[in-house]
Amino acid sequence: MTLAPPRGRVLVVEDDDVTRDLFAEILESEGYEVAAEPEGRAALVRTRSWRPDLIILDLVMPGVDGWYFRALQRQIPRLRDVPVIVISARRPPWREEDMLEPTAFLAKPFDLDAFVSLVDRTIKAERAASEPTESHFEVAGPR
Amino acid sequence: MGGWGVTSEIGRSGPAPADDVVLALHAYAHALGEAADAAAVASHAVQTALSLLGASGGGVAALRSDGTLQWIVVTQAAQALVRTDLDDAALSALRDMKHVAFTFGRGRDADPGAPPGGSCLAVPLVDRDEPLAAMALVFPDDRAMAAADQALAPLIAELAARAMARLRVEADLVAARGRVEDVRKRAAILSDASTTLVKSLDFGTTVQTAARLAVPALGEWCFVDLADGQTVRRHAMAFADQSNEARARELLRQDPRGQGTADVLEPALVDRPLLVDVVAASESGRASPELRRLADGGVASYVKVPLSARSEAIGTMMFVSTVPDRRHSAVDLEIADELAGRVALALEAARLFDEARRAVRARDDFLTAIAHDLTNPLTALKLRTEVLARRLRAEPGTPRSTIVSGLDQVIGCAVVMGRLIEDLLDTARLQSGRLLDLHLERVDLVGLVREATAELQPLAERHRIRLETEQRSLRGNWDAARVRRVVDNLVTNAVKYSPAGGDIVIRVRRERRDGRNWAVLSVEDHGIGIPAGDLPFVFDQFVRASNAPRRVLGGGIGLSSVRQIVEQHGGDVSVQSQVGVGSTFVVRLPLERPTASTPRGGVAR
């Protein structure tokens, strides 16, 4: 059993190489342990050995996209309660059949500060709940 | 002509006493007032003449347009003289517009069958100087000469002429009233049609509305058929009631196309308005078996009118009347034709509206796709700049290499965005129906690809972008910036659809095909591949697979842009792909200056 790093583990699922690397760089500099994958299948494989405290999820991706990933994640017990921040140029409202129901949503493009503070708040809220129970929905970022 | 004063003279030479004459004339005038047609008038006139003048027979004849006589009424006794003396008398009276009397019968003794001699009196029936007819009377003796002297015969004729004139006016009135009725009906149907047709701009609704517009005013059944490429399909049917619908469906069911029985009911185009009186045709005995079947099926008449838009037949409207008393008239055909004109206009408007709506939707999708595609590099650019700025503020001694690599990424993002905007402009240009302005110049494809590879590599860290070629250079007349976009789009696409990383191999070679020299560029990845069913559509703009509408937004316009650019150079693009193995896109560009494929004005300014 490994000790979780002080600020938590974040899994980034984003297909754009530059953006993905930036997310990783920013989060690492904020003190998080980061894993980054370009699409959903690789991300799911990663979680077998590495349980994240937060998932940052892009929607439009080749391969297993954000919708598909979210649907799979909700079926997997070890991942079901991990909070998810959806980051996309596609804004809510999503259609009902999208079944995304993320913990929070951040619309691209966004500010660095908005991103960092949303990650911080989401993980703290997750920690505060001793037992992972209800998820809360929050929309941040510029409209 | 003579007035009532003539009665005083009658006693002198006429066979009837004066009182009887007055009574008879009263009765005659009254009967004329009741007469329903010219034959009744003529009959009353002859009867009155016989009784008042003592003629043995007579008749009334009208002048045909060819100058011959048409006998409206002839008494039995006068029949033998038709075509001879009776005709002579009537024609003479009509020609001279005054009465004529003569005797006949002399010199006919040789013929035992000839009628006995006698006399003849003819008077014209004149209305306002127009001879309507002539009344000719036959007398067994020479009394015609005496009768001619008195005014009674002209009086009888004048009263008859007035009655005929009255009948004519009444007939005109009836016809006029009918015309007014027709005009009213036409106005009602057409104005109703106009107001109803404008209520919807939806094509399907308009077709359905059109079918119901004039049922039952123009028929109990209405079919609307529209041309669909080479075939004509029935788009709408309307029926006055359920029993009519049942009858129509029974006929249609019995007579599938090709059985040769009731094809008239099947969808077909007509080039001019057509009216068929099924009842009249079958009564005449000249009806085809098909028309007889229609008659048996309860069809009384039908009209077919073309629906035309921009002088092209786009369909047919057919009205069927099942009520023998309300068979279609020429006026109905006119109304139906005019109605069809309005329906065609409405359909055309609906079609244009539909096209416009689809174009607007395509534009919305386009804008959404563009916004989405621009968002990724913009996000990266913004974050990279912020991170760099934050770091420079926090650590004054930030290594130069960090700054340079950060700025390289910023430049890379800007390049990507610039390319997207170029694609956007080209696409917008093509969407508005204009071709690209190609700036043709001598371009070395090998050098161009080498440069692109170097610039794209930093944006794809998990991939190795390789150029394989045996050519040192390969020059053609192309639009350098656009060919570069072709390469960029294909490579970016390869990177995007091989998320696991790996080699992206670009090959450039020379090929001779169809008697021409080609530069062939291929981009191969080892990514997720494209399902076979999607392959035919990858170069289309904003393809939306119906099963996954939300998935395509990221697809953007890159590949459709590739195709447009390549095709306008006179080349072509194709793709081979296998799911889970990878994709290879192949672009062929002509090495000689493009000729036929070069659009007018498409060459460099």
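Which residue takes a positive phi in the hairpin of β4(B) and β5(B)? The answer is given below, under the heading on strand β5.

## Basis of the description

This is a predicted model, in which local features need pLDDT of at least 70 and side-chain atom pairs count only at pLDDT 80 or more, while totals for chains, interfaces and linings use all residues. Residues are numbered from 1 along each chain as its sequence is written, and chains are lettered from A and ligands numbered from 1 in the order in which they are written.

## Chain B and its strand β5

Chain B contains 15 helices and 17 strands (DSSP runs of H or I with at least four residues, and of E with at least two, numbered from the N terminus). Of its 605 residues, 38% are buried, that is, they have 20 or more other C-beta atoms, placed from the backbone, within 10 Å of their own.

In strand β5 (residues 130-139) of chain B, eight of the ten residues are buried. Strand β4 (residues 118-127) of chain B runs antiparallel to β5(B) and is joined to it by nine bridges (strands pair if DSSP finds at least two bridges between them), with B:S119 opposite B:F139. Two residues lie between these strands in their hairpin, where B:R128 takes the positive phi, near 45°. Strand β1 (residues 57-63) of chain B is also antiparallel to β5(B), through six bridges, and B:G57 stands opposite B:V138.

## Contact between the chains

The contact involves 22 residues from chain A and 28 residues from chain B, where residues are in contact if their C-beta atoms, placed from the backbone, lie within 7 Å. Helix α1 (residues 17-29) of chain A supplies the largest share of the chain A side, seven residues.

Terms used
Two residues are in contact if their C-beta atoms, placed from the backbone, lie within 7 Å. A residue is buried if 20 or more other C-beta atoms lie within 10 Å of its own, exposed if 12 or fewer, and partly exposed in between; C-beta atoms are placed from the backbone.
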